[in-house]
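Have a look at the model, try each task, and then follow the solution step by step.

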Amino acid sequence: MNAQDMAKTKNIPSPGANGNNQPLEWARDIRGNAWHDPILLESEPPPVPPLGKSLKFMLALLALAGLCFFGDRSGVRSFSIVFVSIVLEALPFMLVGACVGGLIEVFVSREHLATHLPRRPWAMTCLAAALGIIFPVCECAVVPVVRRLTGKGLPLAAAVAYLLGGPIVNPIVAASTMLAYKMDWWVAAIRLLCGYAIAVFVALAMGRLFARRPALLVLPDMCAHAQGDHKTAAHSHGCSCCEHGAQLVSSGLIGKLAGAFRHASDDFLAVAHYLVIGAAVAALAQTLVDRRLFLDLSALPIVPSILMMGLAILLNLCSEADAFIAASFRGFLSLPAQMAFMLTGPMFDLKLLLMYQTVFTRHAIIALAGLILLAVLVVVAGLEALGMGML
Amino acid sequence: MKLMRALLSRYWRPLLLGAWTCALSSLLPGRAYLNFLRPEFVVLLVLGMLVLLVFIFSAINAQPKSFDLDQATRVLILILPLVCLCMARGTTLDANAFQRRWTGMAGINGQSDTVMDDETRNVSGSDEDIPLISLCRWPKAYAESTVTVVGMLHRDPKIAAQFGTNACVLFRFVINCCVADAVPAAILVNGIPGDWPESTWVRTSGRFTLRKEGNRSIPVLHAVWAKQVPKPQQPYLY
């Protein structure tokens, strides 16, 4: 289904159907340069999250949990406590992230974004990967923000760079890592530097891999003609895909704020169920997986790092807390293995895997996951080759 | 049926967000959130509630959206944490979770320095309970002194085989952000009655020593007395 077909099914004018709107005109910046490759936003499947699959998945998960916990009330309690705590911990961050996304949607125009970002793709990517230093976010909050930024035309590479770099390259994570490692500043420094390098590498690779293929989903409430600023005349028609449009134009600041929160509320409800499913899987893993199993293989080269990457994917910990878990493996596992845990978790875990479905196409998610795991593995192997010993 | 569908189309989002707001607000009285999060998170919970309230007003004023199977599924999934919250209320991680999370003597390897902060130093040597986490962090500082601690009981056949049939583990969980990242702080205890069930909360006192095992010093409490106690108001350590 292409953009015009999608527009037809939504009963909205398609880009190019109107003589005043050139095809995909919104995909060019104010200087007239192709800023956001149009192909990234067309030829997409309908942007409806695969909830049917989610339901099957959730039912299967619950069945598995029921089987595992049959007759074991203690296990059910542990599962419930961990499940609820993960959701409660992530919820405020996700709500704030959704609000930031809503405010970006309403107050930041595409032209504004294009004007203030570097024009060179690599410079934009390098900058985006370090944006967490100024706008610290955890991985739960960053997804709704990136979702809105990509809707505004932020290039794929820059979006991926902020998505991966933001939750690691930020002062809060640096502080928590130092705290967990008894103020060993260089552990935090290695983590941030490696995280930054991986974010930039994966982002540039994604930009290259998907230069001619769709990678980003169109937001359900962002029709093709409304990709621009809310102040544009084209957006004041009040179509069903974006019913607040007319209000925003006429209502001033209050109306814009109301629109921002409506966007934020929609974003939250669109992403939150993925968080819940991810938290359930993580709680199940935390209840069933014995962490001592990871220690039995610690003598082998690189295997502990791979296992720790697997553990990070399963546990779904917040990037601001995972250093404490990694530090609990000191004395048993090498620093590279601990680093594998701290680098993988904030970029890719089960919860994020599901949440990425609201931003990227399936192919893009597969490529993203593969590149992240590969990059972490290479970095960890490099650290081992450098002779990083036991801490 | 039509009316029901129309009402759901109009109000499912405010109702769902309202249920979440109620769930968050129910955690505040009696500091029930401490069963899941560390104390500082109360600020974030209140912030979350405020944002949810704004979302509710926003959703009430929004145009109705269809309530189909997808939306119903989404609602069911989003209700699941609320159901589990009811199930988990008043409970804590127990010996079952300890078994899964304990990575051996990582937290009690006796290599910690003897420097304590002022607060800990004041507690040391008094009749008050010493937090289990202090014994694990600064074992040398407490070595050969009499201490009183509160923790949960765990019996492990491997530990009994290695340290004697009377040996068991006294543990508490230390939270960094939430229970999901809780790490056990544990010491070995000798002298707890063998018929006390698993996961019992115990207050015990005795001589605290460091037992050499290879290149490690394992903290051991030789209990003089022990009694079962109710769950502490703050079951987790921070």
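**Exercise 1.** Work out how H1(B) and H2(B) are oriented to each other, parallel or antiparallel, and which residues make the contact.

*Solution.* 
Step 1: In this predicted model, take helix H1 (residues 2–26) of chain B and helix H2 (residues 41–61) of chain B; their axes come within 9 Å and cross at roughly 160°.
Step 2: Angles over 145 degrees count as roughly antiparallel, so H1(B) and H2(B) are roughly antiparallel to each other.
Step 3: The crossing of H1(B) and H2(B) is left-handed.
Step 4: On the H1(B) side, the contact includes B:Leu17, B:Trp20 and B:Leu24, and on the H2(B) side it includes B:Leu52, B:Phe55 and B:Ile56.
Step 5: Sorted by class, the contact of H1(B) with H2(B) has 12 nonpolar, 4 polar and 1 charged residues.

**Exercise 2.** Now turn to chain A and find the handedness of the crossing of H14(A) and H16(A): left-handed or right-handed?

*Solution.* 
Step 1: Helix H14 (residues 335–347) of chain A and helix H16 (residues 362–385) of chain A have axes that come within 9 Å and cross at roughly 160°.
Step 2: That angle makes H14(A) roughly antiparallel to H16(A).
Step 3: The crossing of H14(A) and H16(A) is right-handed.
Step 4: Among the residues that meet here are A:Met339, A:Leu343 and A:Thr344 in H14(A), and A:Val376, A:Val380 and A:Glu384 in H16(A).
Step 5: By class, this contact of H14(A) with H16(A) has 11 nonpolar, 1 polar and 1 charged residues.

Technical notes
Residues numbered from 1 in each chain as written. Chains lettered and ligands numbered in written order. Predicted model: local features only at pLDDT ≥ 70, side-chain atom pairs only at ≥ 80, totals over all residues. Axes fitted to C-alpha atoms, helices over the stretch in contact; angles between N-to-C directions. Helix = DSSP H or I, 4+ residues; strand = E, 2+ residues; numbered from the N terminus. Parallel < 35°, antiparallel > 145°, perpendicular 65-115°, else oblique. Left-handed = near helix turned anticlockwise from the far one by under 90°. Contact = placed C-beta atoms within 7 Å. Nonpolar A, V, L, I, M, F, W, Y, C, P; charged D, E, K, R; others polar.
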